[in-house]
Amino acid sequence: MTFEDLERSIIVGRGLHGRYEEDFKAEFEQVKDLNDRQLWERVGRDLAEKQVQRETLDQFNEWKISGNKTDRCKDFNRLQHTYDGKSRCGGPVAVCPPRGGETAEEASQRLEYIGRANNTPRPRMKVPTNVPDPRYGGKTLRQVGSDEANKERNASEANKIKYQGYQVGHAPDTTWGGDPKSPGGWVAMTPRLNQSIGGQSGAYPDGYLAYSFVPGHWDETNMECVADTF
């Protein structure tokens, strides 16, 4: 793989675009002449993450998690999963612990979920999971997602042991992108954490584009999950 091929794969894989793509390329190409593949990969990964976090911060400052997301998503076609016009319906998605706090184990599981969810192709459009889908014989995405989670649990004896007492969590939640096979892999979660993360997506309207997933906390004043301070 050439330097240019690696550069393009990182840009596509992390969903870099616009000024974030240009700034990444400007920094990354400074190491091109070193001709060290392992160095390219390490530096490229770090620089891409830097731009993803920068975009997240820019979006957070511009829109705020508590902004009126519904108005920005109003031209979304819920059945066809498309927009009728140009939309600014997107931004970061805050991932909070269950209400009432989390254990150390749940904190680790939540961070694993965020990491895995971010390591999936963008944009991750929020789609309805309760609508019968002809692609799955009339089943809903929620039903198919549960079927896939059960397959993961029962894939081997080791998996049965791994998930004993836990739920098999999608990363990201099926609603983000509509892939019931969990493109970011699977996360063993406590039932209350998995259910909490799934429920938190209800704060976002269908059609919202999840540019990134970030740790969050509960704003008790507005009773909503908001992003931690960056």
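Student: Are Cys96 and Cys225 buried or exposed?
Tutor: Both Cys96 and Cys225 are buried, where buried means under 20% relative accessible area, exposed over 50% and partly exposed in between, with a 1.4 Å probe and protein chains only. This is a predicted model, in which local features need pLDDT of at least 70 and side-chain atom pairs count only at pLDDT 80 or more, while totals for chains, interfaces and linings use all residues. Residues are numbered from 1 along each chain as its sequence is written, and side-chain values use heavy atoms, with hydrogens and water left out.

Student: What joins Cys96 to Cys225?
Tutor: A disulfide does, with S to S at 2.0 Å; the term stands for a pair of cysteine sulfur atoms within 2.5 Å. The link of Cys96 and Cys225 is right-handed, with 100 degrees about the S-S bond. Helices (H or I, at least four residues) and strands (E, at least two) are DSSP runs, numbered from the N terminus.

Student: OK, rings now. How many aromatic pairs turn up?
Tutor: A search of the whole structure finds eight aromatic pairs, counting rings of Phe, Tyr and Trp (its six-membered ring) whose centres lie within 6.5 Å, with planes under 30 degrees apart taken as stacked, over 60 as edge-to-face and the rest as tilted. One of them is Phe3 with Trp40, whose centres are 5.0 Å apart and whose planes stand at 80 degrees, so this pair is edge-to-face.

Student: Why does that pair tie together separate parts?
Tutor: Phe3 lies in helix H1 (residues 3–14) and Trp40 in helix H3 (residues 37–63), so the parts it ties together are 37 residues apart in sequence. Phe3 and Trp40 are both buried.

Student: And which residues do ring pairs link into a cluster?
Tutor: The cluster consists of Tyr113, Trp176, Tyr204, Tyr208 and Phe213.

Student: Which residues touch the most other members of the largest nonpolar core?
Tutor: Among its 22 residues, these are Val93, Tyr113, Trp176, Tyr208 and Phe213. A nonpolar core is a set of buried Ala, Val, Leu, Ile, Met, Phe, Trp, Tyr and Cys residues joined through side-chain atoms within 4.5 Å. A second, separate core has 14 residues, including Ile11, Leu39, Trp40 and Ala48.
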